[in-house]
Amino acid sequence: MCGIVGFTGKTQAAGFLLDGLERLEYRGYDSAGVAVLNGGSFGIEKTTERIKNLMDKTDGGSKLPGTDGIGHTRWATHGAPSYENAHPHTSSSGKFAVVHNGIIENYIQLKDELKADGVNFKSETDTEVIPQLIEKYYEGDFLSAVQKAVSRLEGSYALGILCTDCPGTLIASKKFSPLIIGLSENANFIASDVTAIVSHTKDILYIEDGETAVITPDSVKLYAADKSEVKREKSVINWDIAAAEKSGYDHFMMKEIMEQPAAVAQTVDSRIKGREIVFEGLKLDAEMLRNTDRIEIVACGSAYHAGMVGKYVLEELLRIPTNVDYASEFRYRNPIINNKTLTVIISQSGETADTLAALKEAKRLGSHTLAIVNVVGSSIAKAADDVIYTWAGPEIAVATTKGYSTQLSVFYMLAIWAARQLHSAGSERIERLFDELVRLPELIERVILNEPQIKEMAKQCGDPKSLFFIGRNIDYAVSLEASLKLKEISYIHSEAYAAGELKHGTISLIEEGRTVVALACYEQLFEKLLSNIKEVKARGANVIACAVEGHTEVASEASQVIYIPRTDPLLLASLEVVPFQIYAYYVALYKGCDIDKPRNLAKSVTVE
Ligand code: G6P
């Protein structure tokens, strides 16, 4: 999320900042801004349009003279995209300017504390507490004020900070958000990734979590959280621009697959306070939940598949009848809903035309609408009664991966939170589920380790005429997503079936050598799925199976088995989808397909 650049040097800063921000555009953003220190005050310019607009406004940077500057592309999290919410943010006196990437989880508490001190806030962002805190602690020592301020921050941050008292000094600090320092003869820089600086230098100094850097035009000093100085050798990178944008991956899709542990952690951790799940500002409460006699989940594409998993999870824990529908069907079927229906709308982009129309229809019929959305300030986020954001960060590849995974994690949190309000599930079960939810990023990380095996399987897949996915219960919901991933990017015909439905028609398509991917992770129905595997195998199918660790009996039926770690069955989808995202990726790669931009598809479908 977001992009940061910073410069302190012997030449003008603005040109570097604008160029760097333009190179960070690929990360996705909704607003941007720069601040340049000049003669004891900041020249600041922002835009809610493209970086090009910032260039026009500043006459290519020449209207912002000065040799120290910071810049930012914002991907809104707290507060809609707007001029006021765009970075850089300044302290009340204008002495400090800050750009920030990450999420400050305790910002409400800090904001209340600062307001009680008489501080007025200009934006709705979590970031603005940072310059205000630095100002609170400033007694003439810039570094010490920054260190005191960051010690109060919970959550994630990468920061670039300037102070009007200290020309020629840029301070950077980092925890759980990306930030690097670039070194050159006449200037030193900071940036979220090497893309922004690779055309200026290949000499990089890595700053680690918890460290703060004091950067001048000809020196960089790193300090640990305990204020001791840290010595680190510079690294030399040999990436070109294209590789840098994708953090070294060949495609955004693979980069985003690999980002899933972090994206899920970001989505979950920011809602966990002790053992509680807290959704800031949610209007849905225990009374409304008690009044709810039905849940309708409405979405398109992969978001619909996340909703299928959500149905299993919500029904199991809340015992409230839950229905899932395609937005394009829901909006025209005259749905029977009323003020006792909770409608959950899911959309990564927040702009899908059918989903937005379905949301409006649900509202018109009196239903409370809760949107699960990734893009802050998007049309769906604005139109819904309640929003829970997924913190996946910008997703660039058309085929969603981390968007889907973070939607699942919101469903888990929502279900646990609501079950606690309604006392609708055993507390021991809920507590165990909570523990497993917290472990999810680590478990996804373990599944990703199977990449070499999956790559090899994909190599053997070749280019078949057709392929089938089967599963039961949550395994079936994941089959739909796994099948969609494959067909979207590899153009191989693929279908997903509820395994019990095979006998009602589809089994006629099974012939010698046909690949059937059997998802056999849902333990309660494992034996039944094993029977289905035997049925297709008896008709010549080549079976690839996915099972939880320990279920080795499947290996005697399948030609290949991918094992995933054991977890609560309700969380399985988050683990078993990952191998098939990777599988789809490599099958498409070996076929030579345009993975990030598959033919005929769009990332956001804003027409009906
Ligand atoms: C398009 C995308 C899919 C996505 C679907 C719904 O088809 O290619 O990846 O799942 O739209 O998009 P949304 O932004 O509403 O989640």
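I start with terms: on a 1 Å grid over the protein atoms alone, a cavity is a set of points where a 1.4 Å probe fits but cannot get out, while a pocket is an open set with protein on both sides within 12 Å along at least five of seven lines. Lining residues have an atom within 4 Å of a point. Grid points are joined across faces, edges and corners, and a volume is the space filled by probe spheres set on the points.

I note that this is a predicted model, where local features need pLDDT of at least 70 and side-chain atom pairs count only at pLDDT 80 or more, while totals for chains, interfaces and linings use all residues. Residues are numbered from 1 along each chain as its sequence is written, and side-chain values use heavy atoms, with hydrogens and water left out.

**Entry 1: cavities**

I looked for cavities of 30 Å³ or more and found two. I checked its lining: L284, L289, I295, L314, L318, L342, V344, L414, W417 and A418. By class, ten of these residues are nonpolar, with no polar and no charged ones. (Ala, Val, Leu, Ile, Met, Phe, Trp, Tyr, Cys and Pro count as nonpolar, Asp, Glu, Lys and Arg as charged, and the others, Gly among them, as polar.) Helix α14 (402-422) gives the largest share of this lining, three residues. α10 and β20 (341-347) each supply at least two. I take helices (H or I, at least four residues) and strands (E, at least two) as DSSP runs, numbered from the N terminus.

The largest cavity has about 60 Å³ of space. Its lining includes C2, R74, W75, H78, H87 and D126. I read its classes as three nonpolar, seven polar and two charged residues.

**Entry 2: the largest pocket**

The largest pocket has a volume of about 1100 Å³. It is lined by 41 residues, and F176, S177, P178, E259 and A262 are the closest to its centre. Two elements give two or more residues to this lining, α7 (252-258) and α8 (260-269). The largest share, six residues, comes from α8. By class I read 21 nonpolar, nine polar and eleven charged residues.

**Entry 3: the ligand**

Which residues come nearest to the ligand? Of the 13 around it, they are S302, S347, Q348, S349 and T352. (Near means that a heavy atom of the residue lies within 4 Å.) Helix α10 (residues 301-318) gives the most to this shell, three residues. The shell has five nonpolar, seven polar and one charged residues.

Next I looked up polar contacts, pairs of N or O atoms within 3.5 Å. A polar side-chain atom of S349 is 2.6 Å from a ligand oxygen. A polar backbone atom of S302 lies 3.0 Å from an oxygen of the ligand. For a backbone N or O atom of A602, the distance to a ligand oxygen is 3.1 Å. The protein covers 90% of the 390 Å² of accessible area that the ligand has on its own (Shrake-Rupley method, 1.4 Å probe).

**Entry 4: backbone**

Most residues other than glycine have a negative phi, and most peptide bonds are trans. I found a cis peptide bond from H87 to P88, with omega near 0°. P88 sits in the loop between β4 (68-74) and β5 (89-90). D59, not a glycine, has a positive phi of about 55°. D59 lies in the loop between α2 (51-57) and β4. Y491 has a positive phi too, near 60°. Y491 is in the loop between α17 (474-490) and β24 (493-498).

Methods
A polar contact is a pair of N or O atoms within 3.5 Å; within protein, one must be able to donate a hydrogen and the other to accept it, and residues adjacent in sequence count only if both atoms are side-chain atoms.
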